[in-house]
Amino acid sequence: MIRRPIGIALATAAAILATSAFAKYLQSVDALEAETGRRMVQVVVGLALAVWGNYMPKRFGTGGANACASSRACSAVRVGGWSMTLAGLIRAGLWAFAPVPVADVVGMVVVLTALLVTLTYGTWALVRCRPRPRKNASA
């Protein structure tokens with residue numbers, strides 16, 4: 001079962017590397033400017049992040065000993081998937097249309113924000129499922 005995720009990751013990495021190599025080739029024959037090549041690669045990286053974020057919730061399996069933990073984990077993965085998908089699409093759009101200095105900074109901020117949203121929600125979901133101490137009725 002682990003072969004499929006590794007295959008998808010390797011295919012994504014190959015697509016990014018192939019885009020980079022193609023952009024470098026086009027630059028070497030003066031068919032493409034350096035800035036356009038950088039933009040091409042960054043758009044592909046953003047789209048790869050969006051595809052990965054879309055794939056996150058589909059990969060998560062159900063089950064587990066605790067029903068609360070299982071449902072909270074599914075919820076955290078869905079929130080993470082949404083935030084990463086949106087961050088990837090925004091990053092790709094920025095690199096396609098915004099000036100390079102803006103795309104560089106804002107693209108990083110968007111991805112960092114998505115990561116923080118994912119980690120914060122995941123931590124909140126984990127803490128909410130911890131068993132609460134019971135009050136002793138005999139005391």
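1. Overall pattern. Helices (H or I, at least four residues) and strands (E, at least two) are DSSP runs, numbered from the N terminus.

2. Basis. This is a predicted model, in which local features need pLDDT of at least 70 and side-chain atom pairs count only at pLDDT 80 or more, while totals for chains, interfaces and linings use all residues. Residues are numbered from 1 along each chain as its sequence is written, and side-chain values use heavy atoms, with hydrogens and water left out.

3. Burial and surface. Of the 139 residues of the protein, 29% count as buried; buried means under 20% relative accessible area, exposed over 50%, and partly exposed in between (1.4 Å probe, protein chains only). The accessible surface is about 9600 Å², and carbon and sulfur atoms hold 68% of that surface. Areas come from the Shrake-Rupley method with a 1.4 Å probe; for residues, only the protein chains shown count as cover.

4. Contact range. Among contacts with a separation of 6 or more, 70% join residues 24 or more positions apart. Contact means heavy atoms within 4.5 Å.

5. Helix α1. Residues 3-28 form α1, which has 26 residues and spans 37 Å from its first C-alpha to its last, close to the 38 Å expected at 1.5 Å a residue. The expected span is 1.5 Å times one less than the number of residues. Pro-5, Thr-19, Ala-23 and Leu-26 are the buried residues of α1, and their cover includes α2. Just after α1, Asp-30 has a positive phi of about 55 degrees.

6. Nonpolar cores. The largest core has seven residues: Leu-49, Met-56, Val-77, Met-84, Ala-87, Val-110 and Ala-114. At least two residues of this core come from each of α2 (34-59), α3 (67-97) and α4 (100-128), and α3 gives the most, with three. A second, separate core of five residues includes Trp-95, Ala-98, Val-100 and Ala-103. A nonpolar core here is a set of buried Ala, Val, Leu, Ile, Met, Phe, Trp, Tyr and Cys residues joined through side-chain atoms within 4.5 Å.

7. Val-110. Not counting residues up to four places away in sequence, Val-110 touches Ala-87 and Ile-90.

8. Salt bridges. The count is two, where a salt bridge is a side-chain nitrogen of Lys or Arg within 4 Å of a carboxyl oxygen of Asp or Glu. In one, Arg-39 meets Glu-35 at 3.2 Å, N to O; both lie in helix α2, four residues apart, about one turn of the helix. Arg-39 counts as buried at 16% relative accessibility, whereas Glu-35 is partly exposed at 43%.

9. The bridge between helices. Asp-104 forms a salt bridge with Arg-38, with the closest N and O atoms 3.5 Å apart. This pair links distant parts of the chain, as Asp-104 is in helix α4 and Arg-38 in helix α2, 66 residues apart. Asp-104 is partly exposed at 28% relative accessibility, and Arg-38 is partly exposed at 38%.

10. Ser-83. Ser-83 sits in helix α3 and is buried, at 13% relative accessibility. A polar atom of the Ser-83 side chain lies 3.5 Å from the backbone oxygen of Ala-114. Leaving aside neighbours within four places in sequence, Ser-83 is in contact with Ala-114, Val-117 and Thr-118.

Notes
Polar contact = N/O pair within 3.5 Å; in protein donor to acceptor, adjacent residues only side chain to side chain.
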